[in-house]
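Dear colleague,

Please find below the structure that I am handing over to you. My findings follow directly after it.

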Amino acid sequence: MIWKTMKPTSRTYRAGLAAAFLLSVPWVSAWAAGKQALPEALAVLEDALRGPAASYEGTFFVRIGRGKSRKSLVRCSPAPEKGLACRREFMDSKGGVLFVSATDGAKEWIFDRKTNKVWEGPSPGNSSAPGAQASSFYRVSLSTGGKVAGRLTWKLELSPKSGAAPGRRLWVDRERRLVLKDETVLPDGRIALRGRFSRVSFGVRHDPALFRPEAVPGASREGRLEPSPTVRSKVQAESGFGPRFPSWLPSGFVLDGVDLIPYKDKKIIHCRYSDGAVVLSLFQSPPRAKLDLGAKDRKEVRLASGPGFVSWTEDAGVLGWSSGETKLVLVAPLGLDILQRIAESVR
Amino acid sequence: MECKGLEELLSAYADRETTPAESAQVEAHVADCRACGLRLAVLAKSKQALASMAAPAAPRDLKETLRRAAARAEAASPESSGPSFGQRLSAWRSALSPRYGFAFGLAAFLLVGLWFERRPEEAVPLDVMLSAHRQYTLERPLGGSATRPGASGPVSEDAGNDLEDDETDE
């Protein structure tokens, strides 16, 4: 009513119009940002896998299946000519460090406080296959992804071409191209693995010493991907065949141990790997053994070494293949692109 | 195609007696199946080895030997039961040249090889491996967050290490 009685030329009227305009600016710009034209999906994937050009720091949560989340502090800086220098620290509820992985882009150093073990080896580089390679496994589509950690995202859907393999969903920061949220999705829709930032800040300066190996008094030193020659020959003697090991694993993963599983009069080799939160198993059956998949659904896939199959459990993907007379099986809650890259690196 | 259904086709393929469609079927299967590939290689090698062997030449004195043998048979009485055991053995010995011995040995070797390749494989259930993986998931100090088999809710191995994320995206 007051508005109607005002003259359009009055001072109050003009001041009101200006205030309304100023107040609407953030809303309109937010709406415009939401309606931003969609970029090319593969280009966003390539950028996301390369990592952001600026240093950052954030709190990252990892959840396996229906389990509880694990909290970690992630700090990364671009390393000239080496890719990305990163440090991830898993923490307990009191903020104490449990498990640390650090890389300067060339070397990787990992420490487990609980077992007091230190692993060292060359850095594996990007965790995922490059975008062009990923597009051979997946159909990649892009849509607007809402906000994660308070930042606008693009959502990438990576649907496996083979149908039954684990797929992935990535929420990528629109401005910085950092993957803020990552889900590994099983064919039945269950989420095998979820990782997400709850907070992230860019442009943080990090001490380069954070990304270098530290001296840990009394800690035993281990190889990152293979056991010592003594353990290797012991496994060979007890199993009756030569164990094989991957030459590539995603960043942060280390060899936790090698077991022999007795089955009838044979032994199955079980190589256990972990990055502190996610576990990965590589099984090797004795020569002249046939894998009995039971009633499990499976799809055939083609690896560099020949045909293989993918299946899944209630919380992990399964990739099986033959090498010579040995059958190998990889089990982990990871996308098919990563499982296949690991499988093809097994020597 | 299953390996069992391919056995006859493999042999025919090695003899080049298959139709173009059958040949394509065999080639596609062998490209993926190492065992059948090996079988085909063994068949091809054995046929090649036999084909490369020259026909044994007749002994020079064959004519003379046959004539003498015929004369002996004529001279023998009609009641006679034929050559003695010693005579028959020597006739066999002269007929068996070392080349025949080699062919028999090769055939025996290939048969043993084929049996070794085709002896039944022992089945290892995938479930044995999946149980071991699950156990590892539960035991890993930081990874122990999965649901125990048969349990109704999530179980943490080290509850003190679990920190809940608010999980809210805007």
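Ala149(A) lies in the loop that joins strand S7 (138-148) to strand S8 (151-160) of chain A, where helices (H or I, at least four residues) and strands (E, at least two) are DSSP runs numbered from the N terminus. The phi of Ala149(A) is near 55 degrees, a positive value in a residue other than glycine.

This is a predicted model, in which local features need pLDDT of at least 70, side-chain atom pairs count only at pLDDT 80 or more, and totals for chains, interfaces and linings use all residues. Residues are numbered from 1 along each chain as its sequence is written, chains are lettered from A and ligands numbered from 1 in the order in which they are written, and side-chain values use heavy atoms, with hydrogens and water left out.

Backbone. Most residues other than glycine have a negative phi. Asn116(A) also has a positive phi, near 55 degrees, and is found in the loop between strand S5 (107-112) and strand S6 (117-122) of chain A. Asn116(A) counts as partly exposed because its relative accessibility is 28%; buried means under 20% relative accessible area, exposed over 50%, and partly exposed in between (1.4 Å probe, protein chains only).

Chain A. The secondary structure of this chain comes to six helices and 20 strands, and 52% of its 347 residues count as buried. Ser72(A), in strand S2 (residues 69-79), counts as buried because its relative accessibility is 0%. Its contacts (heavy atoms within 4.5 Å), leaving aside neighbours within four places in sequence, include Phe60(A), Arg88(A) and Phe90(A). Leu303(A), in strand S17 (residues 299-303), is likewise buried, with a relative accessible area of 4%. Leu303(A) is 41 residues from Glu344(A) in sequence, yet the two are 7.0 Å apart in space, C-alpha to C-alpha. Under the exclusion of neighbours within four places, Leu303(A) is in contact with Leu319(A), Trp321(A), Gln340(A), Ala343(A) and Glu344(A).

Nonpolar cores. A nonpolar core is a set of buried Ala, Val, Leu, Ile, Met, Phe, Trp, Tyr and Cys residues joined through side-chain atoms within 4.5 Å. The largest has 67 residues, and those touching the most other members include Leu280(A), Leu319(A) and Trp321(A). This core draws at least three residues from each of domain 1 (41-211) and domain 2 (220-343) of chain A, the bounds coming from an automatic or database domain assignment. A second, separate core of 17 residues includes Phe283(A), Ala316(A), Val329(A) and Val124(B). Not counting residues up to four places away in sequence, Leu280(A) touches residues including Leu330(A), His133(B) and Tyr136(B).

Cavities. The structure holds two cavities of 30 Å³ or more. A cavity is a set of points, on a 1 Å grid over the protein atoms alone, where a 1.4 Å probe fits but cannot get out; lining residues have an atom within 4 Å of a point. Grid points are joined across faces, edges and corners, and a volume is the space filled by probe spheres set on the points. The largest cavity has a volume of about 70 Å³. Among its lining residues are Ile64(A), Asp315(A), Ala316(A), His133(B) and Arg134(B). Helix H7 (residues 126-139) of chain B gives the most to this lining, with three residues.

Yours sincerely

Conventions:
1 Å grid on protein atoms, 1.4 Å probe; cavity = no way out; pocket = protein on both sides within 12 Å on 5 of 7 lines; lining within 4 Å.
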